[in-house]
Every structure is written in structure tokens, then in C-alpha cells.
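Here's a quick briefing to read alongside the model. Have the viewer open and follow along.

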Amino acid sequence: MKNLLLALPLIAGVSWAGTTLYSGAQTQPAYNRLLAQLNNSKILAVKSVEYEAGFTSSTAITEVRLNNSKTDERVYLQHKISHSPVSMVPENARFGAAKIVTTLMVDKFEDEDTKAFFKSFDTGEPLVVHTDVAIDGTTASEITINAFDHSNDDNDINVKTSGATLNLLTTATGSVSGDGSVRETVFSDGATKAFKMLGNQIKLDFEKIEEAFFNAKFDMTLDEVLVTDKSISEQPIFQLKDAYFGMDQQLTNDKPYLKQSVGIKRLTSDFVPLKSVDLTTELADFSIDEALANADLFRTLKTSEDFATWVQTDEFVSLLRATFIPDTSISINANAKTTQGDADAAIKLWFAGNGTADGYTGMVTTGDLAKAIAGTAKIHADKSALMMTPLGGMLEDSIAQIYLKITDDTVSLDAKLEELILTLNGQMLPLEFMAGDVLQMPLGVLLQ
């Protein structure tokens with residue numbers, strides 16, 4: 001049931017994208033197309049259970065289930081649709097195609113415990129979505145999840161939230177942008193223990209290019225997390241500030257890239273030695289020209305039940321080669337600060353190719369491919385910080401003494417990979433001799 005409820009805001013609001021509702025006569029066909037699109041996802045099973053058409057307004061009820069669910073759980077959404085070309089709402093006068101108010105039908109639940117659970121929402125209404133559909137098919141949705149205050153008598157756990165809002169703008173072509181926030185969420189155990197999250201915000205901007213391809217930005221931040229246990233201390237026993245996750249995907253650049261970053265700017269705890277952390281990964285300099293030219297293929301794959309077989313085809317191999325071209329790289333940069341010291345790492349791997357035009361021509365074995373991969377790694381850490389981890393016990397090993405640079409205070413590594421020769425702080429390792437027969441295996445084995 002929880003997974004099903006999490007899907008409801010998307011169904012209720014954004015899913016009206018691409019519909020153009022000028023009048024009552026056109027509203028029902030648009031609603032039916034919407035249900036068909038949702039069913040094509042293979043994730044949800046939705047159907048109309050009631051539709052009452054009117055001249056200036058209509059009402060629809062949608063049944064929603066999870067596909068392949070082991071239970072028969074389902075929920076019902078009610079849509080009240082005003083479809084006059086001019087808004088009938090005096091305080092919101094505008095020319096448009098439709099205004100839709102969507103709510104969850106709590107009275108449809110048969111289980112009394114479920115009904116009691118929904119009474120924990122402010123006004124007894126968990127979800128309200130207001131959607132404006134413009135004449136050009138653009139939709140603006142305001143999704144409100146009401147404040148929630150619920151106690152579980154079985155384990156004395158109370159969950160309280162200030163509620164959440166999400167604003168989304170969706171174009172008729174499928175691009176989506178918006179922002180949302182949750183001011184406060186608290187889990188408490190009686191009057192002693194509490195877990196509190198403050199200031200959770202998201203921003204997103206997805207520009208659709210082709211089927212399954214977007215230029216996209218997504219940012220999520222969390223102002224603060226507090227864990228208190230008054231049986232131990234009046235002060236928080238754990239405090240986290242300014243956590244973040246970000247994604248930036250630009251596919252139509254001259255040099256496409258996909259970046260992701262996650263981190264915590266400040267952490268204080270008697271039980272966790274970490275003070276801050278930042279991790280960034282990037283896939284860069286690949287090509288999506290071939291993928292864009294085969295957009296129809298991706299539409300087919302969305303509904304395919306035989307993906308494992310398809311990835312072994314010549315068509316898939318051709319797509320891989322056209323996507324991961326020479327100089328395509330993946331990099332990882334990390335920084336961590338602890339109470340005992342700091343650590344930094346910068347690792348990069350790239351496809352150097354074998355000197356042919358496409359970088360692949362003439363490859364037969366896994367060894368041929370391995371020789372075409374190059375990389376570098378630079379790692380530096382305070383020794384006292386590493387000693388707090390399982391790696392600390394390995395620093396005295398003879399192998400570590402040979403390949404790592406270890407002083408009284410620091411541990412560092414400078415590595416380079418080129419044509420299966422791995423160099424670690426000046427010491428060379430011929431990987432071709434160490435790998436043996438593995439490198440003689442046909443390339444096709446990798447796809448199996």
C-alpha cells in the first residue's frame with residue numbers, strides 16, 4: 001500500500017500532460033488516452049470505473065493498482081474537471097482548457113484501520129491536486145500532501161509532519177520542471193527519543209529530447225537532521241547539516257555528460273567520526289547520436305519482456321560502440337573530513353580505443369578490449385583517518401608496503417593504467433600476465 005500511495009501524486013497531477021481539454025466532448029477521450037499511457041508503463045494498472053460528463057464540468061473516478069502485486073490492494077482517485085474555455089473561478093480568471101481537482105477517495109477503503117490511518121491527516125484528506133491544463137496542452141499542478149500526526153499504540157511511535165507541497169509545470173511535449181518542500185518531519189518514541197528532519201527541498205528541470213532521453217537537472221537538499229535521546233544527553237547525539245544530492249545530465253552539448261554529487265557539509269556525533277563528505281561522479285564525452293537515431297527502438301524496449309536476449313544482438317553491440325566512443329570517461333572525486341584526519345581521492349577511467357577510426361575495429365577477445373582502457377588514480381589520506389577503517393589493518397601488509405607510499409602521518413597512491421600495464425607509485429604490474437586465460441575469452445562472453 002505504501003508504494004501505491006507514493007505513486008499517486010504523479011498519477012493525479014503530472015499525468016495530464018499532453019492532453020488538450022477544450023470542452024466536455026473532448027475531455028473524456030483525453031482521459032481515456034491518459035489511462036492508456038499509464039498502463040503502457042507496465043508499473044501501474046489503472047482503469048476508469050465511473051465517468052459523468054457535463055456541459056461545463058465532469059467527474060471521473062480512476063482505480064489504481066500496482067502491476068504484478070501479490071496483494072489486491074487498490075486505491076481510487078476522484079477527478080473533478082471544469083472544462084470551459086474560460087475559467088469559472090472568479091479569483092483565478094484565465095483562458096484555459098480545463099481545471100482538475102484530484103483527491104484520494106478515503107471512503108472507498110474497506111479496512112477500518114486504513115480509514116483510521118487517513119484520519120491522521122489534517123482535515124482527514126491526505127492528498128489534493130489542483131491542475132490547470134492550458135489550451136496548448138501545458139499543465140501546471142499544485143500537489144498538496146496535508147499535515148500528518150499519527151501515533152502507533154503498538155510501539156509507542158509518533159510520526160508528525162508539517163505536510164508537503166510540490167509544484168510542477170509540464171509541457172505538451174513531455175518536459176517537466178518544478179519544486180517542492182517538506183518543512184518538518186518528526187519520528188518520536190515517547191518523550192525521550194526523537195528523529196527530526198528539517199527543510200527538505202527539491203528542484204527539477206527535465207527537458208525532453210526524444211523518447212527516454214532528457215536534458216535534466218535535479219537537486220535535493222536537507223537543511224538539518226537531529227537525533228535526540230534525553231536519557232543520554234540534553235544535547236543532540238547526532239546532528240547533520242546541509243546534506244545534498246544533485247544530478248546534471250546534458251545530452252545535447254557538444255560533449256555530453258552526466259554528473260552526480262552527494263554530500264554532507266557538517267556532521268556532529270559522538271558515535272560517527274565523519275565530519276563532512278563530498279562525492280562526485282561524472283560520465284563524459286560519450287555520444288547519443290546513434291541512440292537518438294533509433295528512438296523507435298527504445299519505445300519498443302519499454303514494453304519488451306525479452307531485454308536479456310536483445311542485449312546479445314549485433315544491434316545492441318553496434319549501439320554500445322557508437323555510444324562509448326574513444327575518450328569516453330568516468331571519473332570519481334571524493335573528499336572526507338573526520339575527527340582524526342582527512343582523505344581525498346581522484347579516479348578516472350577512459351576508453352582510449354585501439355587506434356582504429358571507431359576504436360573497436362579488429363577487437364576479438366576481452367584482452368583486446370582491456371588494452372583499450374586507460375586510467376589514473378591519485379589518493380591521499382591521513383594515516384590516523386585510515387586506521388579507523390578496515391583498511392588500517394592492511395597497511396602493515398608487505399604488499400601494501402611495496403605499492404603504497406606510507407609515512408608516519410600519511411598514505412598515498414599514484415596509479416596509472418595503460419595497455420594493461422598498471423603502475424603503482426612507480427612499481428609496474430603487468431596485468432596481462434597476471435590475468436592469464438581470462439583475456440583470451442571471446443568478447444561475446446561479456447554480454448552473457
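**Salt bridges and their partners**

At 46% relative accessibility, Glu 418 is partly exposed (that label covers the range between buried, under 20% relative accessible area, and exposed, over 50%, with a 1.4 Å probe and protein chains only). Keep in mind that this is a predicted model, where local features need pLDDT of at least 70, side-chain atom pairs count only at pLDDT 80 or more, and totals for chains, interfaces and linings use all residues. Residues are numbered from 1 along each chain as its sequence is written, and side-chain values use heavy atoms, with hydrogens and water left out.

**Charged pairs**

- Glu 418 pairs up with Lys 416 in a salt bridge, 3.7 Å from N to O (a side-chain nitrogen of Lys or Arg within 4 Å of a carboxyl oxygen of Asp or Glu).
- Lys 416 is partly exposed too, at 45% relative accessibility.
- Lys 337 and Asp 342 make another salt bridge, with their closest N and O atoms 3.7 Å apart.
- Lys 337 has a relative accessible area of 36%, while Asp 342 has 29%, and that makes Lys 337 partly exposed and Asp 342 partly exposed.
- Glu 432 and Lys 371 meet through their side chains in a salt bridge of 3.4 Å, N to O.
- Glu 432 sits in helix H11 (residues 431-435) and Lys 371 in helix H8 (residues 366-371), so this pair ties together parts that are 61 residues apart in sequence.
- Glu 432 is partly exposed at 36% relative accessibility, and Lys 371 is partly exposed with a relative accessible area of 36%.
- The structure holds eight salt bridges.

**Helix H7**

- Which residues of helix H7 (residues 314-323) are buried? They are Phe 316, Leu 319 and Thr 323.
- Looking down the axis of H7, these buried residues fall within an arc of 60°, so they line one face of the helix (the arc is taken over the directions from the helix axis to the C-beta atoms).
- An α-helix has 3.6 residues a turn, so residues three or four places apart point the same way.

**The chain as a whole**

- The chain has eleven helices and 22 strands (DSSP runs numbered from the N terminus: H or I of at least four residues for helices, E of at least two for strands).
- Of the 448 residues in the chain, 36% are buried.
- Among contacts (heavy atoms within 4.5 Å) with a separation of 6 or more, 52% come from residues 24 or more positions apart.
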